[in-house]
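The sequence and the model are shown first, and the comments follow.

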Amino acid sequence: MPSCLICETPIEPFLDFGPMPIANGFLSPEQFKDEYFFNLRVAHCPKCSMVQLTELVDRSRMFHENYAFFSSTSAWMQRHFAGFASFVRDRYLASDDPFICEIGSNDGIMLRHFAERGIRHLGIEPSSNVAEVARERGVRTITEFFDEDLARRIRDENGQADAFLGANVMCHIPYMHSVIEGIRLLLKPAGVLIFEDPFLGDIVEKTSYDQIYDEHAFYFSVSSLRNLFAMHGMEIIEAIPQHVHGGSMRYVVAHQGAYPAGDSVHEVARREAQLGLETPECYDRLRANVERSRDDLRTLLQSCRDEGRRVAGYAATSKSTTVTNYCGITPQLVEFISDTTPIKQGKFSPGVHIPVRSHDEFARNYPDYALLFGWNHRDEIMSKETAFREAGGRWIVYVPRVEVVS
Ligand code: SAH
Ligand code: TMP
Ligand code: ZN
């Protein structure tokens, strides 16, 4: 039986998606025969409450010189990170000559707001292609995986940090104890860790099971993180819900006793208790909801096909890999996926091999339905696709439930 990555208690999966490819592993036809698959399964630890994958993919298969996700492709996410940077500057950078680190800094979407103001900073980004874009923007970046050893080196070369940031990356790192020890020794006594990740409460409430994929080793909640940080003499002092990525949480974490814990942490803990996030029944319900969502989506796509309607996917998100593979969405059901990322275009989606095409091709010959794989960017996408609607196009969404939106 697998054991918990945090507390080593034996854990049993509550949901099994079957064989899955790498979520961001867009590929060309000559790579089909060597495509890598692993078993995507997720479990809840009865002791420390951490929800996690039970089989992990080697990090070198996911984060490398051809990493397909460039953070700055979404204009709304650019705005979000400008806001995140001001939050850090306004609340937590009181010292003279502050120093800031960010892990998973990608193309510099957040750190540029510090670089532009001459604030000392360091990005730690193992995927060299996205790191290079950050450097071109003037963001100081090293191409490394963060862990405790690297933290010591950074501290010895730069001194301790006032703030340590991470967005959509803490949940990617299975060796959490090394990461948190590293952060602890890197932070000044009044320094803070501020990070955001998809929130387990939203996944449960919205049945957004497509957040579950290889890169996301953990699905965090205040209750599981409290246990984890307590093991390292740290505590959560703020928990602030965010709308991005279909529902995320921003956590501010400090050395134990350095700051009073705010009401926001208790409020989120109360919401978690109402959802029953620490009980096995919650995960039985989630599994039933996921299975229903899969059946509804398959039925809807099949009926579109039977009626001779054309369906295209909109946004080749990493999340879409779980949906297409779990629901058996093949090119017979979805003709192609429109995506604005140049390195995804001309390739095929992982596992089910749906062609990925540019947005121009989508706009040149609108399908009858667009299946919104980028549902987390719904408002941004729908506000710019009014011409598709006016041409009679309709959206298929599946979060929080499967429905056609016209
Ligand atoms: N922060 C950005 C990017 C998130 S994608 C945003 O929110 O848009 C996750 C990023 O984390 C990738 O760029 C990946 O290369 C990086 N990453 C993965 N493992 C890491 C590790 N151990 N240390 C630092 N960065 C890591
Ligand atoms: P994400 O859900 O992991 O942020 O991935 C976003 C993907 O969606 C990325 O490949 C770019 C694509 N995308 C579009 O194609 N059009 C859009 O308007 C937006 C916002 C994203
Ligand atoms: Zn555990």
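**Notes on the predicted model**

1. Proline 400 sits in the loop between β16 (394–397) and β17 (403–405); helices (H or I, at least four residues) and strands (E, at least two) are DSSP runs, numbered from the N terminus. The peptide bond that leads from valine 399 to proline 400 is cis, with omega near 5°. Most residues other than glycine have a negative phi, and most peptide bonds are trans.

2. On the basis of the note: this is a predicted model, in which local features need pLDDT of at least 70 and side-chain atom pairs count only at pLDDT 80 or more, whereas totals for chains, interfaces and linings use all residues. Residues are numbered from 1 along each chain as its sequence is written, chains are lettered from A and ligands numbered from 1 in the order in which they are written, and side-chain values use heavy atoms, with hydrogens and water left out.

3. The strands β16 and β17 belong to an open sheet of 6 strands in the order β14-β13-β12-β15-β16-β17, with mixed pairing; two strands pair if DSSP finds at least two bridges between them. Its edge strands are β14 and β17, each of which pairs on one side only. Strand β15 (residues 369–372) runs parallel to β16 and is joined to it by 3 bridges. Tyrosine 369 has arginine 394 in β16 as its bridge partner.

4. Which residues other than glycine have a positive phi? One of them is serine 49, with a phi of about 75°. Serine 49 is located in the loop between β2 (37–44) and β3 (51–53). The relative accessible area of serine 49 is 3%, so this residue is buried (under 20% relative accessible area; exposed is over 50%, partly exposed in between; 1.4 Å probe, protein chains only).

5. Histidine 353 also has a positive phi, near 60°. This histidine 353 lies in the loop between β13 (337–338) and β14 (356–357). With a relative accessible area of 18%, histidine 353 is buried.

6. Strand β7 (residues 161–167) is largely enclosed by the rest of the structure, because 7 of its 7 residues are buried. Strand β4 (residues 99–103) runs parallel to β7 and is joined to it by 4 bridges. Within β7, leucine 165 is the bridge partner of glutamate 102.

7. Strand β7 is also joined to strand β8 (residues 187–198), by 6 bridges, and these two run parallel. Phenylalanine 164 stands opposite leucine 193 in β8. Together, β7, helix α6 (residues 176–186) and β8 make a right-handed β-α-β unit: with the strands pointing away from the viewer, the path from the first strand over the helix to the second runs clockwise.

8. The protein chain is divided into domain 1 (71–274) and domain 2 (281–405), with bounds that come from an automatic or database domain assignment. The centres of the two domains, taken over C-alpha atoms, are separated by 30 Å.

9. How many residues of domain 1 are in contact with domain 2? There are 19, and they meet 23 residues of domain 2 (contact means heavy atoms within 4.5 Å). About 1,800 Å² is buried between the domains, and carbon and sulfur atoms give 65% of this area (the accessible area, 1.4 Å probe, that two parts lose on being put together, summed over both). Thr207, Tyr209 and Asp210 supply 37% of the area that domain 1 buries against domain 2, more than any other three residues.

10. Between domain 1 and domain 2 the count of salt bridges is 0 (a side-chain nitrogen of Lys or Arg within 4 Å of a carboxyl oxygen of Asp or Glu).
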